[in-house]
Amino acid sequence: MNGLDLALAVVLLTAPPDTLEIADPAALCRAVAPALTALALQWELLDARESDYLKNAQDFASDLKLLQARYAEFHDAPLVAEADRFPARDLVNDMLAFNRNYRDSVSSRLALDTIHVEELGTIVTETDQLHRVYEAVRDARCDYYYVTYRRQALAQLRDLVGVEAFYTGQLPPHVPLWRIPEGR
């Protein structure tokens with residue numbers, strides 16, 4: 001792969017989908033497919049297990065459009081390495097299980113306690129929001145998911161907790177601790 005191939009790969013990947021008319025996809029595939037594949041892997045637009053992409057000249061144009069769409073979707077999404085700042089998947093699974101048990105106990109109380117319906121409903125909503133945060137962490141930390149799915153989870157997590165908290169690795173608690181009275 002030379003510099004010209006790499007430059008052409010950058011231009012092709014960053015172009016909006018459906019803007020390029022490729023006259024001879026087979027010739028372009030032969031010329032630039034290795035550079036496109038290497039760049040798509042490096043930019044985490046393609047998972048290493050997606051080895052069939054860009055290899056078949058008949059599918060080259062549609063594969064390129066798919067990668068262009070992924071670039072448009074992920075150009076500002078965090079890379080998979082960003083997930084390392086968060087707890088490991090096994091710990092997150094335990095936190096999610098505790099979250100669901102806590103939610104179930106609050107829901108059970110909601111069925112009996114008619115005086116505190118509004119407050120208990122708020123607690124259930126907050127617990128569900130925290131569950132979404134930790135689901136995103138779990139999905140981002142799952143090594144067997146494709147990089148594109150993991151990057152989607154990281155982007156969702158960043159949106160849920162905010163940019164500063166995301167990049168400093170500060171997560172909220174997995175249950176609304178501020179709702180648990182002290183001394184109990």
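How many salt bridges does the structure hold? I looked this up before anything else. The structure holds 13 salt bridges. I took a salt bridge as a side-chain nitrogen of Lys or Arg within 4 Å of a carboxyl oxygen of Asp or Glu.

**Ground rules.** I am reading a predicted model, where local features need pLDDT of at least 70, side-chain atom pairs count only at pLDDT 80 or more, and totals for chains, interfaces and linings use all residues. Residues are numbered from 1 along each chain as its sequence is written, and side-chain values use heavy atoms, with hydrogens and water left out. Helices are DSSP runs (H or I, at least four residues), numbered from the N terminus. I call a residue buried under 20% relative accessible area, exposed over 50%, and partly exposed in between (1.4 Å probe, protein chains only).

I picked out Glu-50 and Arg-70, whose side chains meet at 2.9 Å, N to O. Glu-50 lies in the loop between α2 and α3 and Arg-70 in helix α3, so this pair ties together parts 20 residues apart in sequence. Glu-50 is buried at 8% relative accessible area. Arg-70 is buried too, at 12%.

Next I checked Glu-126 and Arg-179, another salt bridge at 2.9 Å, N to O. Glu-126 sits in helix α5 and Arg-179 in the segment after α7, so the pair ties together parts 53 residues apart in sequence. Arg-179 is partly exposed, at 28%.

Arg-49 and Asp-47 also form a salt bridge (2.7 Å, N to O). Here Arg-49 is partly exposed at 40%, whereas Asp-47 is buried at 5%. I also found a network of salt bridges that links Arg-100, Arg-103 and Asp-128.

**The loop between α2 and α3.** I turned to backbone angles. Most residues other than glycine have a negative phi. Glu-44 has a positive phi, near 55°. Glu-44 lies in the loop between α2 (25-42) and α3 (60-74), and is buried at 16%. Leu-54 has a phi near 65°, also positive. Leu-54 is in the loop between α2 and α3 and is buried at 2%.

**Cores.** A nonpolar core is a set of buried Ala, Val, Leu, Ile, Met, Phe, Trp, Tyr and Cys residues joined through side-chain atoms within 4.5 Å. The largest one has 20 residues, and Leu-13, Val-32, Leu-36, Phe-60 and Leu-67 have the most contacts inside it. The elements that give two or more residues to this core are α1 (3-14), α2 and α3. The largest share, 8 residues, comes from α2. Another core, of 14 residues, lies apart from it and includes Ala-83, Phe-86, Leu-96 and Val-133.

I then listed contacts, meaning heavy atoms within 4.5 Å. Not counting residues up to four places away in sequence, Phe-60 touches residues including Val-32, Leu-36 and Leu-54.

**Helices α4 and α5.** Which residues of α4 are buried? They are Val-92, Met-95, Leu-96, Asn-99, Tyr-102 and Val-106. What covers them includes α5 (117-140).

I ended in helix α5, where Asp-139 has its place. Asp-139 is buried, at 9%. Leaving aside neighbours within four places in sequence, Asp-139 is in contact with Tyr-145, Tyr-149, Arg-150 and Ala-153.
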